[in-house]
Amino acid sequence: MNVPILQMRGITKTFPGVKALQDVTLDVNRGEVHAICGENGAGKSTLMKVLSGVYAHNTFEGDILFENEPCDFASISDSEKRGIVIIHQELALSPYLSIAENIFLGNELASRGWVDWRKTNLEASKLLARVGLDENPVTPIQHISVGKQQLVEIAKALSKEVKLLILDEPTAALNDEDSDHLLDLILHLKGQGVTSIIISHKLNEIRKVADAVTIIRDGKSIETLRLDQGQITQERIIRGMVGRDLDSLYPEREPQIGEEVLRIEDWTVQHPQDHTRTVVHNASLNVRKGEVVGLAGLMGAGRTELAMSVFGRTYGRAVSGKVFKHGKEINTSTVPEAIRHGIAYATEDRKHYGLNLIEDIKRNISMAALPKLSKRGWVDGNKETTVANGYRKSMNIKAPSVAAITGKLSGGNQQKVVLSKWMFSDPDVLILDEPTRGIDVGAKFEIYTIIAELAAQGKAVIVISSELPELLGICDRIYTLSAGHVTGEVPIAEASQETLMHYMTKEKE
Amino acid sequence: MSALRESLGFLASRLRQVGIFVALILIVLLFQVLTDGILLQPQNVSNLVVQNSYILILAIGMVMVIIAGHIDLSVGSIAGFIGAVAGVMIVHWGWAWWAAIPACLLVGALVGAWQGYWIAYVGIPAFIVTLAGMLIFRGLTLITLKNQQITPFPDELRALGGGFLPDISGGTSVLEWLTVILGVGGTAALLFQSIKERRVRRKFNLENEPMAWFATKTAFIAVLMLVITFLLASYRGTPIVLLVLAALVIAYSALMNNSIFGRHTYAIGGNLHAAELSGIKTKAVTFRLFVNMGVLAALAGLIFTARLNSAQPAGGTGFELDSIAAAFIGGAAVQGGIGTVAGAMIGGLIMGVLNNGMSILGLGTDYQQLIKGLVLLLAVGFDIFNKNRAGGGSSIAKRFKLRTTPPATETKAPAETKAPAEPAAPVAAGSRQSDNS
């Protein structure tokens with residue numbers, strides 16, 4: 001029964017400065033559903049990109065055997081010819097084309113360059129029946145839900161006579177009903193002989209569909225658990241996913257925790273486009289003076305969505321709930337209001353949401369609080385430079401001068417500019433979203449030190465992070481989120497990677 | 001030697017800004033030769049200023065709109081419409097010029113508010129709204145004028161278009177001394193300001209231009225201003241529009257560099273999301289930019305009408321294209337966030353000299369358009385070429401093996417990785433507290 005269809009051996013993939021994958025092994029048997037599990041950034045997606053030819057065969061080390069034959073794919077089309085089809089998290093569908101056109105996009109059923117529409121729609125209907133989607137093939141993609149679009153992607157894969165189907169977080173954007181339907185379909189296709197690899201960290205899904213689970217941690221394959229050997233249990237998976245070494249150092253601090261500064265109650269947020277999805281459910285949390293509170297959660301848990309919806313409704317729709325500051329309800333429905341009430345949000349995506357990359361350091365630092373430097377609408381340039389020079393020194397921003405363009409700085413220094421900007425707005429509550437993402441170890445320590453100092457100055461700090469050791473190293477208290485619900489609140493003394501991961505993967509009641 | 005190297009390296013790193021300036025000078029010299037010296041004759045210099053003043057005024061507003069990441073195709077029609085409104089107010093209704101001018105500027109503001117509303121608050125792209133505006137206000141111009149020109153205008157208004165400052169010597173001198181005083185005073189003020197700015201930059205440890213380059217550049221600009229002063233003074237003196245234009249350039253340069261409004265405009269064009277998340281009221285800023293554009297378009301319309309002494313159905317046609325071209329030749333970026341008022345003025349002058357020089361040579365509008373189009377394409381193409389060659393002019397500098405000014409990238413590795421061993425924390429804490437207090 002256990003006939004291997006895919007063997008990946010010794011896969012090592014290096015990006016400038018980072019080893020994304022290190023000697024990874026993956027064995028997938030014919031006709032099974034194989035799950036790949038790991039924390040955010042563990043290297044799951046990179047591995048699948050290696051397999052599907054997104055990264056050409058000469059850009060990584062190691063061997064891939066598919067149906068006992070070596071693979072040296074130069075592009076996705078090479079892997080598709082062999083029957084390996086990957087469906088990415090962000091669907092690759094054209095919203096204005098019909099279902100049928102999307103299914104055969106790049107693969108048109110045509111004779112002498114002219115599309116045969118009858119055949120296209122007929123074949124599309126057959127494929128739609130196979131994936132259990134009851135839609136007219138001429139319907140434009142934008143008129144069907146994300147869940148159905150996901151099924152169209154699978155129909156598209158089937159049209160290419162797929163042997164190995166790779167799904168990258170297929171249910172991340174789906175509501176519960178659509179998720180169940182999708183998982184049933186995967187099992188159904190398994191019955192028809194299609195092998196699937198599914199990237200997921202939703203443990204209930206994995207228990208439902210997976211015959212085997214390979215765990216990736218920090219770019220290494222840790223182990224493969226098999227259902228027929230009774231190895232797929234929640235405890236085994238969690239143990240494999242965490243257990244990362246504490247490789248960073250954290251500054252010593254003695255928390256001086258005061259009264260409550262900010263409280264969020266019954267916060268509920270809907271997805272901005274897909275109204276059937278609630279991204280944050282009745283979340284309640286608080287943070288006190290001088291306290292560093294962590295928000296832990298896996299991809300799609302709703303941490304950033306929660307933070308941005310509180311910060312001036314910059315995410316989501318139909319936001320409901322209350323925000324209290326020092327016990328009094330406040331209005332944070334626009335960014336200027338939120339800033340006026342002393343809230344600052346430093347984004348996880350510096351380049352797109354945090355900085356004006358074509359502008360210099362000082363103008364970025366002053367951007368959120370220009371009135372503090374101005375009289376009657378005129379900015380005092382000398383004062384601005386003085387302030388910026390102060391932050392350059394205190395935050396140790398490495399640049400020739402504060403007139404340097406931020407786009408040319410390293411990630412760590414860009415992050416310090418973002419933090420300087422928000423510190424200059426003099427907030428009481430700072431929400432820092434992935435403050436050390438894409439930053440090297442040395443700069444991380446500096447960021448941790450800055451966070452510790454902010455708390456020591458009496459600021460309330462909320463840190464969103466995907467790195468559990470980091471949260472354990474700098475927080476006083478950690479909330480866990482799972483699928484939009486606050487599933488746990490753990491004081492630091494009781495927190496460990498295992499307990500946090502347990503809550504982070506907890507299903508709602 | 002090292003000073004020269006440093007200067008050349010600096011020039012290479014600022015190829016765009018320097019290049020546009022050099023291009024203007026080369027074009028002036030070229031036409032000076034081709035026209036046998038007619039181009040720089042006092043009367044022609046005076047004409048050049050007056051003929052291009054309304055395009056330059058439009059270019060001020062246009063570059064601001066472009067910096068914010070938008071565009072305005074309607075300014076020519078608005079200028080024409082305001083000319084028509086002025087004609088009706090002054091000629092038909094008999095309003096005094098001092099009442100009609102502010103009234104016309106107000107109408108311009110309302111027109112700008114109309115367009116700004118659709119762009120900022122409804123969210124229709126500026127290209128569409130102002131394309132519609134181009135048709136709407138041309139239509140309104142024709143309706144207002146009933147398809148006929150309105151003329152004549154009173155002398156006071158005509159002075160705005162073609163008038164000169166009075167001769168204080170009472171006709172006894174070949175030079176207009178008031179112009180000399182203004183020109184020399186302006187040059188001195190510019191020198192003073194440049195030196196002061198350089199001092200401030202040094203005081204705050206910001207990079208300065210190399211001394212040799214700074215001295216050459218400043219001396220050159222000063223000489224240029226004095227030459228223009230002399231040329232104007234030996235004809236009929238300072239055109240009144242030049243004073244208006246100079247005041248606008250100074251005021252708007254200051255506004256864009258030193259006011260909250262100007263800063264927010266750059267922030268919006270540079271990264272709209274980051275600006276929004278920094279609490280900038282992006283819609284209000286966009287709205288005001290278009291109101292401002294409307295007022296400047298009204299002013300340009302008034303000046304144009306005053307110069308022709310007639311409000312015409314086709315007045316202002318094509319102004320939008322010249323002012324957009326001026327902004328882009330002057331270094332504004334299509335995707336927003338980059339551009340200066342001064343750059344747009346140089347861009348406008350390049351277009352103006354091309355127009356004027358080619359007219360003197362007797363080239364028809366056919367060739368004029370062809371050449372202007374190619375100049376615009378080359379100027380922006382040069383920008384893109386430079387950008388694609390990774391990091392602006394530095395690549396060209398490398399090709400010539402020149403040492404450029406130190407790049408703004410930092411050297412991260414050694415110092416940063418050392419940080420955990422010797423935390424900079426205590427120092428940081430102290431200085432930060434003082435910032436926040």
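Colleague: Which residues of β10(A) point one way, and which the other way?

Modeller: This is a predicted model, in which local features need pLDDT of at least 70 and side-chain atom pairs count only at pLDDT 80 or more, while totals for chains, interfaces and linings use all residues. Residues are numbered from 1 along each chain as its sequence is written, with chains lettered from A and ligands numbered from 1 in the order in which they are written. Strands (E, at least two residues) and helices (H or I, at least four) are DSSP runs numbered from the N terminus, and in a regular strand the side chains alternate between the two faces of the sheet. In β10(A), one way point Thr195(A), Ile197(A) and Ile199(A), and the other way Ser196(A) and Ile198(A).

Colleague: Why is β10(A) described as largely enclosed?

Modeller: A residue is buried if 20 or more other C-beta atoms lie within 10 Å of its own, exposed if 12 or fewer, and partly exposed in between, with C-beta atoms placed from the backbone. The strand β10(A) is largely enclosed by the rest of the structure because its buried residues number five of the five.

Colleague: Which strands does β10(A) pair with in the parallel sense?

Modeller: Two strands pair if DSSP finds at least two bridges between them. Over five bridges, β10(A) (residues 195-199) pairs in the parallel sense with β9(A) (residues 164-168), where Leu165(A) stands opposite Ser196(A). A further parallel pairing has four bridges, and there Ile198(A) is the bridge partner of Ala35(A).

Colleague: Which residue of β9(A) stands opposite Ile87(A)?

Modeller: Over four bridges, β6(A) pairs with β9(A) in the parallel sense. Ile84(A) and Ile86(A) point one way from β6(A) and Val85(A) and Ile87(A) the other, all of them buried. Opposite Ile87(A) stands Leu167(A).

Colleague: Which residues of α15(B) make the contact with α10(B)?

Modeller: Two residues are in contact if their C-beta atoms, placed from the backbone, lie within 7 Å. From α10(B) come Val249(B), Tyr252(B), Ser253(B) and Met256(B), and from α15(B) come Val341(B), Ala342(B) and Met345(B).

Colleague: How many helices does the secondary structure of chain B come to?

Modeller: Of the 437 residues in chain B, 41% are buried. Among its contacts between residues at least 6 apart in sequence, 80% join residues at least 24 apart. The secondary structure of chain B has zero strands, and its helices number 19.
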